[in-house]
Amino acid sequence: MSIEENLEKILEVTKNYNPVIIAVTKYYDNNRMLEAYRCGLRHFAESKAQDALEKINRIDDTVKSQSIYHFIGHLQTNKVKYVVGNFDYIHSVDSLKLARCIDSEANKKGVVQKILIQVNNAQESQKFGVNPKELDNLIEEISKLKFVSLEGLMNIAPLCNDAKKLQMLFSEMRELKEKFKLKELSMGMSKDYKIALEEGATMIRLGTILFN
């Protein structure tokens, strides 16, 4: 099926929720990204800093200026310089050290960088993200940074078919978003975005369901 046909099906599901649909292009070349753009999508996500920057720099200036870029991969402090100012949102902030590094780089570049805190509320050892119990202190410290704008929270749910478990985890994320009065909640991918929407996702990150 074409991206256009896939998107029509997705929009039918999302029409009552009106989330930001982020096309995850990390496994796809610029031709596929441009096809998604022509179908009306404007939000695109990558997860490897330097590879992503090379792709972005090859995009036509008009398309680039009208697109919004999200960095969703694990971000090491030595790669921050490639991401700050080149991506509109960084979804994967998982420590105060990283937030401070982003703040410092944003200061150098004269920008205010939008970020989301990645929360590992499933507490999976193989995934990054902060424990929900650490959020109070982390958000308090991030709020002191001048060149970072905390927009919301992000999580990556376990790969499982247990709808009740996913519902519980997404619901926890919504409660955290509301507790801290944040705007965005980035959760839900190709296999679980419907449950994420039901539980309050404002941003969904779609790759295979859109491009395959």
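Colleague: Glu8 and Lys9 are exposed on the other side of α1. What does exposed mean here?

Modeller: Exposed stands for a relative accessible area over 50%, buried for one under 20%, and partly exposed for values in between (1.4 Å probe, protein chains only). Glu8 and Lys9 are in the exposed class. The model is predicted: local features need pLDDT of at least 70 and side-chain atom pairs count only at pLDDT 80 or more, while totals for chains, interfaces and linings use all residues. Residues are numbered from 1 along each chain as its sequence is written, and side-chain values use heavy atoms, with hydrogens and water left out.

Colleague: Which residues of α1 are buried, and what puts them on the same side?

Modeller: The buried residues of α1 are Ile3, Asn6, Leu7, Ile10 and Thr14. The arc is taken over the directions from the helix axis to the C-beta atoms. These residues span an arc of only 95° around the axis, so they share one side of α1. They pack against β1, α2, α9 (193-198), β8 (203-206) and α10, where contact means heavy atoms within 4.5 Å.

Colleague: How is α1 identified as a helix, and what span is expected of it?

Modeller: Helices are DSSP runs of H or I with at least four residues, strands are runs of E with at least two, and both are numbered from the N terminus. Helix α1 (residues 3-14) has 12 residues. The expected span is 1.5 Å times one less than the number of residues. From first to last C-alpha, α1 reaches 16 Å, close to the 16 Å expected.

Colleague: Why is the pair of Tyr28 and Phe211 classified as it is?

Modeller: The structure holds two aromatic pairs. The ring centres of Tyr28 and Phe211 are 4.5 Å apart and the planes stand at 25°, so this pair is stacked. Tyr28 lies in the loop between β1 (20-24) and α2 (30-38), and Phe211 in helix α10 (residues 208-211), so that distant parts of the chain, 183 residues apart, are linked. The criteria for Phe, Tyr and Trp (its six-membered ring) are centres within 6.5 Å, with planes under 30 degrees apart called stacked, over 60 edge-to-face and the rest tilted. Tyr28, at a relative accessible area of 14%, is buried, as is Phe211 at 2%.

Colleague: What makes the pair of Phe71 and Phe87 edge-to-face?

Modeller: Phe71 and Phe87 have 80° between their planes and are 5.4 Å apart, centre to centre, which is the edge-to-face arrangement. Phe71 belongs to strand β3 (residues 68-71) and Phe87 to the loop between α5 (80-83) and β4 (89-93), so the pair ties together parts 16 residues apart in sequence. Phe71 is buried at 1% relative accessible area, and Phe87 counts as buried at 3%.

Colleague: How do you know that the charged end of Arg42 sits over the ring of Tyr37?

Modeller: The rule requires NZ of Lys or CZ of Arg within 6 Å of the ring centre and within 35 degrees of the ring normal. The charged end of Arg42 is 3.6 Å from the centre of the Tyr37 ring and sits over it.

Colleague: What makes a set of residues a nonpolar core?

Modeller: A nonpolar core joins buried Ala, Val, Leu, Ile, Met, Phe, Trp, Tyr and Cys residues through side-chain atoms within 4.5 Å. The largest one has 59 residues, and Ile90, Ile102, Ile117, Leu135 and Leu153 have the most contacts inside it. Helix α6 (residues 96-109) supplies the largest share of this core, five residues. Another core, of eight residues, lies apart from it and includes Val24, Ala45, Leu116 and Met154.

Colleague: Why are the buried residues of α7 placed on the same side?

Modeller: Helix α7 (residues 135-142) has Leu135, Leu138, Ile139, Glu141 and Ile142 buried. Their arc around the axis is only 165°, which puts them on the same side of α7. They pack against α6, β5 (113-118), β6 (148-154) and α8 (163-179).

Colleague: Is Ser186 buried or exposed?

Modeller: Ser186 counts as buried, since its relative accessibility is 0%. Ser186 is in strand β7 (residues 184-186). Not counting residues up to four places away in sequence, Ser186 touches His91, Leu116, Leu153, Met154, Asn155, Met203 and Arg205.
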